[in-house]
Amino acid sequence: MKKVLHCILFCLLFISCKDDGKNYHLSGRAEKGTLVDNSMIFVLETNSKFATTGDVIRTVTNKGGAYEFNVKLKEPFVSVTAMGYYYNEITGKTTEPTDGDKDDTSAGKITLYALAELSEGSNINLNVITTITKDRILNLIQTGMSYESAYKQAQFELLSHFGLQRYAEKNANTFSITAGNEEAGALLVISAALLVNQTPSSFQDYLNKICTEFAKKGKLAKYMITAYEANCQKLNLNQLTTWTKRYYSTLGIPIELPNLALFIDWNGDGVAGNEIN
Ligand SMILES: [Ca+2]
């Protein structure tokens with residue numbers, strides 16, 4: 001009898017553990033440029049090393065690449081993926097296929113990633129910084145580092161290439177072009193500079209190459225750095241500011257942007273904006 005009772009108690013404990021979890025309201029934005037409406041969002045429940053522990057939760061974006069939903073999680077870690085066409089800051093248009101190129105509908109799509117520990121907040125944005133650093137963060141975690149230390153190191157390594165290391169401490173999954181702060185300016189400049197000389201179909205491959213290279217040692221290849229620096233010089237900052245604000249305005253999201261010149265290292269001394277009074 002005692003054995004049966006123990007067995008029942010064990011089962012009840014197991015069931016209660018299995019149901020154990022916390023409810024979260026997750027929200028965020030997917031921005032390369034902003035992903036268009038109805039882009040796919042996949043959220044994967046994970047453990048602290050970002051190994052999958054639960055189901056894939058799917059939703060889609062609405063205006064301004066925004067998404068939100070409620071979820072119950074056993075551990076406060078998630079990996080988020082977004083996939084869709086996006087607003088190209090260089091051309092001022094989205095990458096959705098026009099009538100002439102319907103044959104290859106995947107060509108203009110981008111995949112973005114973000115990792116998050118939800119104790120830091122349940123707003124998870126996806127952008128080029130969270131995407132490029134993702135595999136580097138995972139590699140650092142494999143060496144025994146915590147998620148927080150790993151993302152700070154990976155962000156410092158990446159942003160130092162752009163002279164923007166002063167933004168490394170705050171998690172890039174809180175950055176948004178819509179935020180009206182300095183991080184918005186930094187994110188927009190990086191997003192746009194990476195796109196210069198890329199076509200909608202070449203950009204995903206280029207981004208993949210950057211991610212793979214950066215994941216190894218937290219460094220970009222010399223040709224990637226040279227291209228980024230040259231691209232920054234080519235950016236038409238007035239046009240970039242005007243077009244970006246205008247695009248968000250058409251979405252019903254009026255935004256403010258800082259002076260974008262502050263986020264480019266014009267004199268190559270390793271610090272963006274320090275040459276501007
Ligand atoms: Ca400088």
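**Entry 1: helices H2 and H5**

At what angle do H2 and helix H5 (residues 200–217) pack, and how far apart are their axes? I looked this up in the structure, which is a predicted model. The angle between H2 and H5 is about 30°, and their axes lie 8 Å apart. I therefore recorded H2 and H5 as roughly parallel to each other, since angles under 35 degrees count as roughly parallel. I noted that H2 passes H5 in a right-handed crossing.

I then listed the residues that make this contact. From H2 they are Thr 131, Ile 132, Thr 133, Asp 135, Arg 136 and Asn 139, and from H5 they are Leu 207, Ile 210, Cys 211, Phe 214, Ala 215, Lys 216 and Lys 217. Sorted by class, the contact of H2 with H5 has six nonpolar, three polar and four charged residues.

**Entry 2: helices H2 and H3**

I next turned to the packing of helix H2 (residues 128–142) with helix H3 (residues 147–161). Here the angle is about 130°, and the axes are 8 Å apart. That angle makes H2 oblique to H3. The crossing of these two helices, H2 and H3, is right-handed.

Which residues of H2 and H3 make the contact? On the H2 side I found Ile 129, Ile 132, Thr 133, Arg 136, Ile 137, Leu 140 and Ile 141. On the H3 side I found Tyr 147, Ala 150, Tyr 151, Gln 153, Ala 154, Gln 155, Glu 157, Leu 158 and Leu 159. The residues of the contact of H2 with H3 divide into eleven nonpolar, three polar and two charged.

Helix H4 (residues 182–195) has 14 residues. I recorded a reach of 20 Å from its first C-alpha to its last, close to the 20 Å expected at 1.5 Å a residue. Is H4 largely enclosed by the rest of the structure, or open? Of its 14 residues, 13 are buried, so I described H4 as largely enclosed by the rest of the structure.

I then examined H4 against helix H6 (residues 222–234). Their axes come within 8 Å and cross at roughly 105°. That makes H4 roughly perpendicular to H6. In this contact, Val 189, Ile 190, Ala 193 and Leu 194 of H4 meet Tyr 228, Asn 231 and Cys 232 of H6. The residues of the contact of H4 with H6 comprise six nonpolar, one polar and no charged.

**Entry 3: two positive phi values**

H4 is followed by Asn 197, which I placed in the loop between H4 and H5. Is Asn 197 buried or exposed? At 62% relative accessibility, Asn 197 counts as exposed, the cut-off for that word being over 50%.

I found a positive phi also at Phe 50, near 65°, again in a residue other than glycine. Phe 50 belongs to the loop between S2 and strand S3 (52–60). I recorded Phe 50 as buried, with a relative accessible area of 11%.

**Entry 4: Ser 39**

Where is Ser 39 placed? I located Ser 39 in the loop between strand S1 (22–29) and strand S2 (40–46). With a relative accessibility of 2%, Ser 39 counts as buried. Not counting residues up to four places away in sequence, Ser 39 touches Thr 59, Val 60, Thr 61, Met 83, Gly 84 and Tyr 85.

**Entry 5: Asp 265**

I found Asp 265 in the segment after helix H7 (237–250). Its relative accessibility is 19%, and Asp 265 therefore counts as buried, because the word applies under 20%. How far apart are Asp 265 and Glu 229 in sequence and in space? They are 36 residues apart in sequence and 8.1 Å apart in space, C-alpha to C-alpha. Leaving aside neighbours within four places in sequence, I listed Phe 162, Gln 233, Gly 270, Val 271, Ala 272 and Glu 275 as the contacts of Asp 265.

**Entry 6: Lys 93**

Lastly, I looked up Lys 93, which lies in strand S7 (residues 93–94). Lys 93 is exposed, with a relative accessible area of 57%. Beyond residues up to four places away in sequence, Lys 93 touches Tyr 86, Tyr 87 and Asn 88. I also noted that Lys 93 and Ser 249 are 156 residues apart in sequence and 14 Å apart in space, C-alpha to C-alpha.

Note on methods: Residues numbered from 1 in each chain as written. Predicted model: local features only at pLDDT ≥ 70, side-chain atom pairs only at ≥ 80, totals over all residues. Heavy atoms only, no water. Axes fitted to C-alpha atoms, helices over the stretch in contact; angles between N-to-C directions. Helix = DSSP H or I, 4+ residues; strand = E, 2+ residues; numbered from the N terminus. Parallel < 35°, antiparallel > 145°, perpendicular 65-115°, else oblique. Left-handed = near helix turned anticlockwise from the far one by under 90°. Contact = heavy atoms within 4.5 Å. Nonpolar A, V, L, I, M, F, W, Y, C, P; charged D, E, K, R; others polar. Expected span 1.5 Å × (residues − 1). Buried < 20%, exposed > 50% of the residue type's maximum accessible area, 1.4 Å probe, protein only.
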